[in-house]
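Below are some notes for a colleague looking over this model. Please read them with the structure open.

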Amino acid sequence: MKPTPSSFASPRMALRRSDRSGFTLVELLLVLVILATLAALVLPKFTGRTEQARITAVQTQISTFGTALDAYEVDTGRYPNGGDGLEMLLSPPGDVSGWRGPYLKSAIPLDPWGNPYGYEYPGRNNPTGYDLISAGPDGQLGTADDISNASLSSR
């Protein structure tokens, strides 16, 4: 058996080497505090972006509905009546001539918060046209966070 260089070292030298290897508990705690601080700064920015992405998705969907409603109006001469007017974009109503739909490629989705979109003709905000509305993040119609085609056109 051939002796290794460390076998000639004194036990005191071996003890010093083992003291130097690894991290101390204080160093590990300091790293954890730094990581927690960074997470506290970064995570709120990501959650705000998620909500903004949902709002952008609603605005896009309302614009898509608006395009389909305008095509419906061109074909039939009027916008759909009543609260279920968006459904008339998918299947022909019995009392309307000139319908050339479906005007949407898929079923009417819920908004990103899981609520149905509202439709009203004639609209309250747009008496000569229609109102399309999402209740927004709080899920309650008539509050400040509602998103509608009227709020989109005023931007």
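1. The model is predicted. Please keep this in mind for each distance, angle and accessibility quoted here, since none comes from an experiment on this chain.

2. A search of the whole structure turns up 4 salt bridges. Among them are the pairs Arg-54 with Glu-51, Asp-75 with Arg-100, and Arg-124 with Glu-120.

3. Arg-54 and Glu-51 pair within helix H2. Their closest N and O atoms are 3.8 Å apart, and the cut-off for a salt bridge is within 4 Å. The two residues are 3 apart in the helix, so about one helical turn separates them. Arg-54 has a relative accessible area of 34% and is therefore partly exposed. Glu-51 is partly exposed as well, at 26%.

4. The side chains of Asp-75 and Arg-100 form a salt bridge with an N to O distance of 3.4 Å. Asp-75 belongs to helix H2, whereas Arg-100 sits in the loop between H2 and E1, so this contact ties together parts that are 25 residues apart in sequence. As for accessibility, Asp-75 is partly exposed at 23%, while Arg-100 is exposed at 61%.

5. Where does the peptide bond from Gly-101 to Pro-102 stand, cis or trans? The model has this bond as cis, with omega near 5°. Pro-102 is located in the loop between helix H2, which covers 25–76, and strand E1, which covers 118–120. The loop between H2 and E1 also holds Arg-100, the partner of Asp-75 in point 4.

6. A further cis peptide bond runs from Tyr-121 to Pro-122, where omega is near -10°. Pro-122 is placed in the loop between E1 and strand E2, the latter spanning 131–134.

7. Arg-124 makes a salt bridge with Glu-120, and the closest N and O atoms of this pair are 3.5 Å apart. How accessible are the two partners, buried, partly exposed or exposed? Arg-124 has a relative accessibility of 71%, which puts this residue in the exposed class. Glu-120 is partly exposed, with a relative accessible area of 29%.

8. When checking the model by eye, two places cover the cis bonds: Gly-101 to Pro-102 and Tyr-121 to Pro-122.

How values were computed:
Residues numbered from 1 in each chain as written. Predicted model: local features only at pLDDT ≥ 70, side-chain atom pairs only at ≥ 80, totals over all residues. Heavy atoms only, no water. Helix = DSSP H or I, 4+ residues; strand = E, 2+ residues; numbered from the N terminus. Buried < 20%, exposed > 50% of the residue type's maximum accessible area, 1.4 Å probe, protein only.
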